Amino acid sequence: MQLTPLNSVGTSPNVRPSAPAPDALVDPYDPAVVRERLEAARRAEMSEDQPTDDLVGSRAPSYFRSYEQLKAAMYELQAKYPDLVTVRDIGDSAEKAAGKADRDLLAIELTAKGAGSASRPMAFHMAGIHAREIANPEMLMAYATKLLEGYGVDPEATATLNTRRVVLLPITNPDGHAVVEKGYTGEPGGALMQRKSTSAGDPRKGVDLNRNFDFHWGTAGSSSNENSDIYHGKSAASEVETQAIQDFIKAEKPQVFIDWHSYSKLNLFPWGDTKAPTKDHEAFQALARKFTTFNRYTPVQSIGLYPTSGTTIDYAYATVGAAALTVETGSSFHQSDVEFQKTMDENMPVLAYATKVADAPFQRVWGPDATGVTIDPVTRQLTAALSDASNGRDLLSGAEIVLDPNAAPGTGIALKAADGSFDSMDERVVGDTSAISGGAGTLVYVRGRDAEGNWGALTPQWLVAPAISR
């Protein structure tokens, strides 16, 4: 694999994204762009919890919903798709624990229920741990809706729900979210720039939940001052919200963990309190860069932005070995409707890719991508494109079709290079599916291998398209 070393802030000037994106004219590796994004993120971190002039007296963006509205939307999805959705109450908010409110940490689990579904690889996406970062909870809900509406219609959505457990925690800080709600409605106790939890009702005395996790707690980039926006709490995992998430991570052991934040357009990976690399440092770099091919954000090791400790991603990686990253979306805490749509366009592919590689994220990221899989309904000839250009950057060495997505790599039906030999990092492959039996709605999967022996993620296609009844 051809991996270019990163410079001091974790960026590579020599590896360029290959996929088109909304910000196609912006080079996320350009030193000026890197500097601008890092400076924006540092300003955001140190910003006072006062609304900017453009927010004073403003209405909430149309996408923004209250905690109660989001809760209702989750249960509506469960009622509409009972075979695909389970709403999980993973814990209480601080105000509920104190008897002052009725707010839970509600996660929505998406998977096709049936034998073996509990053991499927899990991707856990969470958002809203900082209350003023209002776009990402709605993006997770939009992702859920997209998967559910696509099931049985779109091969990717269908394969995802047949082979993965997708757990989405849209509002990690329900009490803080309620403070922002009141800020928009003008109610007493509202604050549009609320970051922390409320610690049973007092927004000023709350805790930065993303400094409260029980890994390297209370070291770099946090504060013992309860009035600070980065107050780490009285002790490690002192907050009920933190305890709930830690318990969930330890019990469920997600293979992929993404904490969605705003803002500054960065893809971040551990560690946050030391420049020392993790044992999976190169794979983390590769994952962050892979995300960049979709969202055009700049990949950086967390400490290259600023020191942090007691964070979600460091905890998830250190505790269960999850491929844990943070994505900082957009250019503001309170994204406009226009910016929110752009954020979704940039990051829906990141959500899909991170979930797709959940079976072995540190391995799959090096293997080639299979795209453009088609099967001619008459000749049953399969064609697909393979590329390792934005992954390991190695020559390709093979490809296969599999019927069972759990089949071991190398056990499928071999595909051929269309030009007769595998001798490039980009290849067209072909194969005959006429001997494969299956009725309408049967999926087959394509994956490729590079010269280093790395197998990429599976890409599904209908062997025979399903009859669409809805």
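These legends go with a set of close-up views of a predicted model.

**View 1. Two aromatic rings meet: F64 and Y184.** When we look at a pair of aromatic rings, we describe it by the distance of the centres and the angle of the planes. Here the centres of the F64 and Y184 rings are 5.5 Å apart and their planes are at 55 degrees, so this pair counts as tilted. F64 sits in the loop between α1 (31-46) and α2 (67-80), while Y184 belongs to helix α6 (residues 174-185), so the pair ties together parts that are 120 residues apart in sequence. Both F64 and Y184 are buried.

**View 2. Another tilted pair: F124 and F248.** In this aromatic pair the rings are 4.9 Å apart, centre to centre, with 50 degrees between the planes. F124 is part of strand β3 (residues 122-127) and F248 is part of helix α7 (residues 240-252), so to speak two distant parts of the chain, 124 residues apart. Are these two residues buried or exposed? F124 has a relative accessibility of 0%, so it counts as buried. F248 is buried as well, with a relative accessible area of 5%.

**View 3. A group of rings in one aromatic cluster.** The members are F215, F269, W271, F284, Y317 and F362.

**View 4. Helix α10 and the residue after it.** Helix α10 covers residues 312-320, and its buried residues are T312, I313, D314, Y315, A316 and Y317. Y317 also turns up in the aromatic cluster. Just after α10 comes G321, which takes a positive phi of about 75 degrees.

**View 5. Arginines over rings.** R132 lies over the face of F333, at 4.1 Å from the ring centre. Over at W455, the charged end of R447 sits over the ring, 5.8 Å from its centre.

**View 6. Inside the largest cavity.** How many cavities of 30 Å³ or more does a search of the whole structure find? The search finds four. The largest cavity has a volume of about 250 Å³. It is lined by 24 residues, and the closest to its centre are N210, H261, L268, Y306 and E328. The elements giving two or more residues to this lining are α1, β5 (256-262), α9 (302-305), α10 and β8 (323-329). The largest share, three residues, comes from α1. Sorted by class, the lining of the largest cavity has eight nonpolar, ten polar and six charged residues.

Technical notes. Residues are numbered from 1 along each chain as its sequence is written. This is a predicted model: local features need pLDDT of at least 70, side-chain atom pairs count only at pLDDT 80 or more; totals for chains, interfaces and linings use all residues. Side-chain values use heavy atoms; hydrogens and water are left out. Buried means under 20% relative accessible area, exposed over 50%, partly exposed in between (1.4 Å probe, protein chains only). Helices (H or I, at least four residues) and strands (E, at least two) are DSSP runs, numbered from the N terminus. Rings of Phe, Tyr and Trp (its six-membered ring) pair if their centres lie within 6.5 Å; planes under 30 degrees apart count as stacked, over 60 as edge-to-face and the rest as tilted. A charge sits over a ring if NZ of Lys or CZ of Arg is within 6 Å of the ring centre and within 35 degrees of the ring normal. On a 1 Å grid over the protein atoms alone, a cavity is a set of points where a 1.4 Å probe fits but cannot get out, and a pocket is an open set with protein on both sides within 12 Å along at least five of seven lines; lining residues have an atom within 4 Å of a point. Grid points are joined across faces, edges and corners, and a volume is the space filled by probe spheres set on the points. Ala, Val, Leu, Ile, Met, Phe, Trp, Tyr, Cys and Pro count as nonpolar, Asp, Glu, Lys and Arg as charged, and the others, Gly among them, as polar.
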